[in-house]
Amino acid sequence: MLAETLRAKQREREILLMTHIVMGYPSFDDSLRVVEAMVEAGVEIMELQIPFSEPIADGPVILHANQRSLQAGSSVERCLAFGEEVAKRFDIPFLLMSYYNILFKYGVDAFAKRMAEAGLVGAIVPDLPPEEADEYLAAMAAHDLAPVFILSPSTTDERMARITRVTKGLVYCVARKGVTGQDTSFSDDLDSYLARCRAATDLPLALGFGVKDRADVDFLRGRADLAVIGTQTIRVVEEQGVEGVKPFIEGLRPPLSA
Amino acid sequence: MPEPGYYGQFGGSFIPEILVATFEELVQAFEQAKADPEFWNTYLKLMGSYSCRPTPLTYAENLTRHFGGARIYIKREDLNHTGAHKANNVMGQGLLVKRMGKGRVIAETGAGQHGVATATMAAKFGFDCTIYMGEIDVQRQRPNVFWMERLGATVIPVTEGTRTLKDAINEAFRDWVSAMDDTHYVLGTACGPHPFPEMVTWFQSIIGLEARRQVLEETGQLPARIYACVGGGSNAMGIFSGFLDDDVELVGVEAGGRGLETGAHAARLASSDASLGVAQGYKTFFLQDDDGQMKETHSVAAGLDYVGVSPILSHLKETGRVRFSAATDTEVVDALSLTIRKEGLIPALESAHGFVQAFKEAPTLSHDDVIIINQSGRGDKDIFTVADAFEDPGWKQFIRDKAKEYDAR
Ligand SMILES: Cc1ncc(COP(=O)(O)O)c(C=O)c1O
């Protein structure tokens, strides 16, 4: 379902944008305004991160946003309610992103059920490899949600096949080693990696980690299906306020008419 | 067939995809080392020539008389080079790093003992070394920071989160995912994703192997009980693993902090405050809230101030093989004081937790019984904390004078 939605959108746009926010940072009001600005700027799909106290796969910018959101008192329930609100209000698909403990403590099946009720379409859980995911996969399937797994440049072809077999909706391809927020060199090295990902699956490929400007997105055109903008939008909000979001996103791709 | 890396329902390997290949390499290197008797022999030789092994088992005659019950023996891990059992794990992993051909090591540290041990190993083996340490622990354990830096390590204070051990572990993982090609993460305790709990326990099992042989030689009998403090669980697993199949009661002692009822503690297994969770790459009991966010913990001993605990110990608690209790900060300082006076031994604040419970139980046992306390480390590193706890006037004056001296320059 999600994959088809994305493919349909690709008939208008060669490269789609998936953006990321940490819910409740700097506040839930601001989060809502950021989502609104992103949707207006033409983002095709969003990841909503539920903050966790131990986000080991995230770099300093997103880590800091996690901490601040928690300090401001955001709870899992509040985040799910926020997800429900934006999923009702805006006509794009929303994924949840969080670490496994958040789902585990909630009860994996109860969490999936709640996601489905909220109108969210799937989830990304970066510290849950497929080997540990039996319960999660069953719950996601039972509630018709897309479990999005991650590939990395060090993932072998054999393992890519295994991971993409259980992935639904889209595949998240991490561009490089390291955590979120560091620079990625968009060069031919990426080419062979993305070609390997492509060979492993028919699902849309989202490339994330370090995508920050028009040049990066241009590079990905024809190589990936979605460019993931994570840390950079948080930086934009921190530096320019919510007002900066729309022009930033719009500047990442040529206008639709072109 | 249990899955590899699982102990009952605990353990596992919850890691980001980017690290999967690195863990596969590590598991393979560890399995090869385990299967190769030469590796363990090299390890024993190294520990004998570099770190004072076998460490003695000391009869605490005065404490025994004082409590008038069981005969108290103390396993002297404080006599390891760098002053704690941490050296056992670190030198073992160092040998493994050499096998894997990597040139850089990183580590987290709480008390600083594991950091100093890792920096020492790196100096000896010629590795680059970076140590992550919570900002609060940097303040608590400044002398260890000094030594790590002298040993050539870069010490990075961690300013996010609760600024203690768990946050240092997170930062070490963040470093590792960027640099795993040439870097090994020397995790300091029997926690984290597979194979760390098993691997750290394997290296630390040298404590239990020696202690079992020594206590039989010395007393002709097995101990009735063994006491060990539990932070992540490595010294406890080390000594316990020598006696798992014996009729010996094993007692783990966690940080009771300001008292279990205050919530300011780090008792994951001895209190009912912890619940099952998944963080830092493994499944175990964590001190967390209903949402699954990790809580702040407290202990006078930085090395016990941690939200999670070895999945192997969680399992041994569930099966009833190990009993757990907690010691408060105040009890710990009292036990430390008594041990120094009676035996001339200076246990680390961490180790002193084990002494507290042993002292409570020794009088209830008979003189025919033997008990062993694992003195995981020496207390010199804690001089600032201990001097504060004792309100030592001479020490305070010394610090004031020293500060004046620096200011005058
Ligand atoms: C002397 C000493 N004992 C005990 C510990 C606790 O660790 P573990 O439970 O892994 O033995 C530490 C940790 O830093 C330590 O320095």
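## About the model

Welcome to a predicted model, in which local features need pLDDT of at least 70, side-chain atom pairs count only at pLDDT 80 or more, and totals for chains, interfaces and linings use all residues. Residues are numbered from 1 along each chain as its sequence is written, while chains are lettered from A and ligands numbered from 1 in the order in which they are written.

## Where chain A meets chain B

The contact draws on 30 residues from chain A and 26 residues from chain B; two residues count as in contact if their C-beta atoms, placed from the backbone, lie within 7 Å. On the chain A side, the elements giving two or more residues are helix H3 (60–71), helix H5 (100–106) and strand S6 (150–151). Here helices (H or I, at least four residues) and strands (E, at least two) are DSSP runs, numbered from the N terminus.

H5(A) provides the largest share of this side, five residues. Sorted by class, the side of chain A that touches chain B holds 16 nonpolar, nine polar and five charged residues. Nonpolar covers Ala, Val, Leu, Ile, Met, Phe, Trp, Tyr, Cys and Pro, charged covers Asp, Glu, Lys and Arg, and the others, Gly among them, are polar.

## The sheet of chain A

Chain A has an open sheet of nine strands in the order S5-S4-S3-S2-S1-S9-S8-S7-S6, with parallel pairing. Its edge strands, S5 (146–148) and S6 of chain A, each pair on one side only. Two strands pair if DSSP finds at least two bridges between them.

Within this chain, the parallel strands S3 (residues 94–97) and S4 (residues 122–124) of chain A are joined by three bridges. A:Met97 has A:Ile124 in S4(A) as its bridge partner.

## Two domains in chain B

An automatic or database domain assignment sets the domain bounds: chain B splits into domain 1 (7–48 + 84–196) and domain 2 (54–83 + 205–389). Taken over C-alpha atoms, their centres are 22 Å apart.

In chain B, 37 residues of domain 1 are in contact with 42 residues of domain 2. The elements giving two or more residues to the domain 1 side include helix H4 (86–100) and helix H8 (165–179) of chain B. That side has 16 nonpolar, 17 polar and four charged residues.

## A look at B:Ser271

B:Ser271 sits in the loop between strand S10 (249–257) and strand S11 (275–279) of chain B.

Not counting residues up to four places away in sequence, B:Ser271 touches B:Leu260, B:His265 and B:Ala326.
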